[in-house]
Amino acid sequence: MKENILKKGFWTLLNRSVGAALVFFSTLFFARVLNVEEFGLFSLGLTMVTIISVIVRGGMDNVVLKQVAANAIDNPAISNGYIYYPLIAVTMMGLFATAMLFFFAEFISESIFVKPEMRAVLQLFSWLVLPMSIVFILSEANKALGRAAYAAFFQSVLPPAITLFIVVF
């Protein structure tokens, strides 16, 4: 048992470390490539996506954690339902939020932020809303099932990796 805990702890630590390194190096990269104003828009856009992702999840990530853990052994079908239905709901809401952010980026950038140049950033980052929302649901499901290393991967590695992929490509 002691070896199992150490092994799981090692893989969790490794995933969290890789995620932290990705965030650090991507921040360093963008800070060097972008000028001060562009980096500010980048950071603001990423913050908006984070907030919208929290709203899209609507607390369902916490419900997934609690209900999947409570039902995983005795009622696996119920446990699976607590993963499946929130994923469907988050996907639908995420698609809606992505479309809204993409199509209203000009209005948001000009009316709320008074930064017309932010439109392009919001439109680019709108594509992050859905994957970020799904990643956190899957992370909590893996936590509930006792898969700490997978949860750490979903929560720490995938968000910066997806961000880098969408922004760079």
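Biologist: What pattern does the protein follow, read along the sequence?
Modeller: Along the sequence the pattern is α-α-α-α-α-α-α-α. There are eight helices and zero strands. Helices (H or I, at least four residues) and strands (E, at least two) are DSSP runs, numbered from the N terminus. One caution: this is a predicted model, where local features need pLDDT of at least 70 and side-chain atom pairs count only at pLDDT 80 or more, while totals for chains, interfaces and linings use all residues. Residues are numbered from 1 along each chain as its sequence is written, and side-chain values use heavy atoms, with hydrogens and water left out.

Biologist: What box do the C-alpha atoms fill?
Modeller: Roughly 55 × 30 × 20 Å, taken along the principal axes. Of the 169 residues, 36% count as buried. Buried means under 20% relative accessible area, exposed over 50%, and partly exposed in between, with a 1.4 Å probe and protein chains only.

Biologist: Let's look at H3. Which of its residues are buried?
Modeller: Met60, Asp61, Val64, Val68 and Asn71. Down the axis of H3, the buried residues fall within an arc of 115°, so they line one face of the helix. That arc is taken from the directions from the helix axis to the C-beta atoms.

Biologist: And which are exposed on the other side of H3?
Modeller: Asn62, Lys66 and Ala70.

Biologist: What do the buried residues of H3 pack against?
Modeller: H2, helix H4 (76-103) and H7. Contact here means heavy atoms within 4.5 Å.

Biologist: OK, H7 then. What covers its buried residues?
Modeller: The cover includes H2, H3, H4, H6 and H8. The buried residues of H7 include Leu130, Met132, Ile137 and Ala141. H7 has 16 residues and reaches 23 Å from its first C-alpha to its last, close to the 22 Å expected at 1.5 Å a residue. The expected span is 1.5 Å times one less than the number of residues.

Biologist: Why does Ala141 count as buried?
Modeller: Because its relative accessibility is 4%. Leaving aside neighbours within four places in sequence, Ala141 is in contact with Val64, Val68 and Ile83. The C-alpha atoms of Ala141 and Gln67 are separated by 9.2 Å, though these residues are 74 apart along the chain.

Biologist: Switching topic: where does Val114 lie?
Modeller: In the loop between helix H5 (105-112) and helix H6 (118-125). Phi of Val114 is near 50°, a positive value in a residue other than glycine. At 60% relative accessibility, Val114 counts as exposed.

Biologist: Last thing, pockets. How much space lies in the largest pocket?
Modeller: About 410 Å³. Of the 20 residues that line the largest pocket, the closest to its centre are Leu46, Thr50, Met132, Pro159 and Thr163. A pocket is an open set of points on a 1 Å grid over the protein atoms alone where a 1.4 Å probe fits, with protein on both sides within 12 Å along at least five of seven lines; lining residues have an atom within 4 Å of a point. The volume is the space filled by probe spheres set on the points, which are joined across faces, edges and corners.

Biologist: Which helix gives the largest share of that lining?
Modeller: H2, with nine residues.
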